[in-house]
Amino acid sequence: MAPLLALIVGTALARLAGLLGVDALDAWQPALRVGLATLFILTGIAHFTPRRRADLIAMVPPRLPRPDLLVTLTGVLELAGAVGLLLPTTARPTAAALAVLMVAMFPANVSAARRRLTLDGRPVTTVLPRTVLQILFVGAALTISFGP
């Protein structure tokens, strides 16, 4: 649930800043970019936090090679994506690329749920709620990519 909270709180605070006079955030689209960037900063950092990294490596489906390298790569892509979302000139293509990344990573979440793995000592989100969250996150990225 932390990624969802990061998206909601990041977006709301950015929108509030826009309403208080920060011109760059004076619309929902840029506020959503900040919220999604917040989400990816949170999840990207988790790829390098020792306790969570081990859990993320375990989430990689067993048939894929070098789960440690895949977790590093996706963490770097998430952090780079967060930066790209915050730059107006790269936000749209970055959001589209992040949508593709989220779709590509989704099977790992399904695999982890089916194998009843844990993340930070708690069971991973089950398939149905995770699917709903994934649709929301991908939808936010596509809204940025194809919005006004």
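Predicted model: local features only at pLDDT ≥ 70, side-chain atom pairs only at ≥ 80, totals over all residues.

Biologist: Why are H2 and H6 called oblique to each other?
Modeller: Angles over 145 degrees count as roughly antiparallel and 65 to 115 as roughly perpendicular, while the rest between those ranges are oblique. The H2 and H6 angle is about 135°, and therefore the two helices are oblique to each other.

Biologist: Is the crossing of H2 and H6 left-handed or right-handed?
Modeller: H2 goes past H6 in a left-handed crossing.

Biologist: Which residues meet there?
Modeller: From H2 you have Gln29, Leu32, Arg33, Leu36 and Leu39, and they meet Phe137, Ala140, Ala141, Thr143 and Ile144 of H6. By class, that contact has 7 nonpolar, 2 polar and 1 charged residues.

Biologist: Nice. How far apart are the axes of H1 and H2?
Modeller: Helix H1 (residues 2-19) and H2 have their axes 7 Å apart and pack at an angle of about 145°. Their crossing is right-handed.

Biologist: And which residues does H1 bring to H2?
Modeller: Among them are Ala2, Pro3, Ala6 and Leu7. On the H2 side, the residues they face include Trp28, Ala31, Leu32 and Val34. The contact of H1 with H2 divides into 12 nonpolar, 5 polar and 1 charged residues.

Biologist: Changing topic, what volume does the largest pocket have?
Modeller: About 1,000 Å³. Its lining counts 39 residues, and Leu56, Met59, Asn109, Leu119 and Arg130 are the ones nearest the centre.

Biologist: Which helix gives the most to that lining?
Modeller: H5 does, with 7 residues. Other elements that each supply at least two residues include H1, H2, helix H3 (50-59), helix H4 (67-86), strand S2 (122-123) and H6.

Biologist: How does the lining split by class?
Modeller: It has 27 nonpolar, 6 polar and 6 charged residues.

Biologist: Last one: what is the phi of arginine 66?
Modeller: Arginine 66 has a positive phi of about 50°, although it is not a glycine. You'll find arginine 66 in the loop between H3 and H4. Arginine 116 has a positive phi too, about 55°, and sits in the loop between H5 and strand S1 (118-119).

Biologist: Great, thanks!

Technical notes. Residues numbered from 1 in each chain as written. Heavy atoms only, no water. Axes fitted to C-alpha atoms, helices over the stretch in contact; angles between N-to-C directions. Helix = DSSP H or I, 4+ residues; strand = E, 2+ residues; numbered from the N terminus. Parallel < 35°, antiparallel > 145°, perpendicular 65-115°, else oblique. Left-handed = near helix turned anticlockwise from the far one by under 90°. Contact = heavy atoms within 4.5 Å. Nonpolar A, V, L, I, M, F, W, Y, C, P; charged D, E, K, R; others polar. 1 Å grid on protein atoms, 1.4 Å probe; cavity = no way out; pocket = protein on both sides within 12 Å on 5 of 7 lines; lining within 4 Å. Points joined across faces, edges and corners; volume = space filled by probe spheres on them.
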